[in-house]
Amino acid sequence: MRVLSGIQPTGNLHLGNYLGAIRNWVRMQDEMDAASQCFFFLADMHSITVHEAREQRIRNVRDMAAALVAAGIDPERSVLFNQARVPAHAELCWLLNGTARIGWLNRMTQFKDKVGKDREGASIGLFVYPVLQAADILAYNATHVPVGEDQKQHLELARDIATKFNTDFGVDLFTLPDPIIPKESARIMSLRDGTAKMSKSDPSDMSRINLTDDDDAIMQKVKKAKTDPEPLPDSAEGLAGRPEANNLVGIYATLAGKSMDAVCAEFAGKGFGAFKPALGELLVETLRPIRTRFTQLRTDDAALDAILEKGAAKARAAAEPTLRAAYDAMGLMR
């Protein structure tokens, strides 16, 4: 079993990243047997679809590496690297551009959502982004990829590209990856709007809990989180139509390792004046050790670069046979 997953290096992790994906990565890493391997990469090649200053992009990659290690990713047990250190991603993407079809990419709903009405002004990189994602996966012949709802379509595209390439060139080269749907996948919403995902792009810092927030900031954000005037119900069913209440109860349940029904039963009939301090304390105690480790790690750029380069060397070795075979299948002499 070979698992691969990537994350955009946007600088600092927030609670949505941590509970939505990273805790599942750590769990997978810890549950892997000796014959299996996890590849986790920072998608800095994907990040170029949005303009960013050179120094900021470098800082973002290092900070995200520090955050992942602080959250529990072990570079000795998993392969942790940034995309740009492994040229096979870009090379294989170009080869697969000959296999992927414009019609397939035109159906990608995420591209349509991001560009809106400004299709003509969008980056070409944003349009072919899913082909690079396919290359990310197929270069390592990953057998499994953890996916959320917004990435299922991209994994299906990777399978389509792999199937067409294998058929077109009469090879059995690319493995068709299967999705991993985490048993416990938290969808963390904004503290200011229970219908929108928690995101670093939200202009309001009060909308999210950042990994770098100190204890006081976390408590302040929780206390000011949007709620409604109704008390908490005795079961999760009573949270229907209450997105902000549902979000806060969901965060508590995920952190505490309890069901939402159990949390509702514990706080049934109480208002948010009682619930928010309890949630804040739970967040503080959970995130404090991660923040402490992150703060230590991010001050040592040389150590972070060494971690990423060590992982990249393993990744380059793993991807090279597949890339070489793809060139050969296409009759491209190197």
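Biologist: Where is Pro-233 placed?
Modeller: Pro-233 lies in the loop between helix 8 (215-223) and helix 9. Helices here are DSSP runs of H or I with at least four residues, strands are E runs of at least two, and both are numbered from the N terminus. This is a predicted model, where local features need pLDDT of at least 70, side-chain atom pairs count only at pLDDT 80 or more, and totals for chains, interfaces and linings use all residues. Residues are numbered from 1 along each chain as its sequence is written, and side-chain values use heavy atoms, leaving out hydrogens and water.

Biologist: Is Pro-233 buried or exposed?
Modeller: Buried, with a relative accessible area of 14%. Buried means under 20%, exposed over 50%, and partly exposed in between, using a 1.4 Å probe and protein chains only.

Biologist: Which residues does Pro-233 touch?
Modeller: Gly-238, Leu-239, Arg-242, Cys-264 and Ala-268, not counting residues up to four places away in sequence. Contact means heavy atoms within 4.5 Å. Take Cys-264: C-alpha to C-alpha, Pro-233 is 5.9 Å from Cys-264, with the two 31 residues apart in sequence.

Biologist: On to helix 9. At what angle do the axes of helix 9 and helix 11 cross?
Modeller: Roughly 40°, and the axes come within 10 Å. Axes are lines fitted to C-alpha atoms, for helices over the stretch in contact, with angles from 0 to 180 degrees between N-to-C directions. That makes helix 9 oblique to helix 11. Under 35 degrees is roughly parallel, over 145 roughly antiparallel, 65 to 115 roughly perpendicular, and the rest oblique.

Biologist: Which residues make that contact?
Modeller: Helix 9 brings residues including Leu-248, Ile-251 and Tyr-252. Helix 11 brings, among them, Phe-275, Leu-279 and Leu-282.

Biologist: New topic. How do helix 3 and helix 12 sit relative to each other?
Modeller: Their axes cross at roughly 25° and come within 11 Å. Helix 3 and helix 12 are therefore roughly parallel.

Biologist: Which residues meet there?
Modeller: Ala-88, Glu-91, Leu-92 and Leu-95 of helix 3 meet Ala-319, Leu-323, Ala-326 and Tyr-327 of helix 12.

Biologist: And the strands? Which way do strand 2 and strand 3 run, parallel or antiparallel?
Modeller: Parallel, joined by four bridges. Strands pair if DSSP finds at least two bridges between them. Phe-40 stands opposite Leu-80 in strand 3.

Biologist: Which residues of strand 3 are buried?
Modeller: Val-79 and Phe-81 on one side, Leu-80 and Asn-82 on the other. Both faces of strand 3 are covered.
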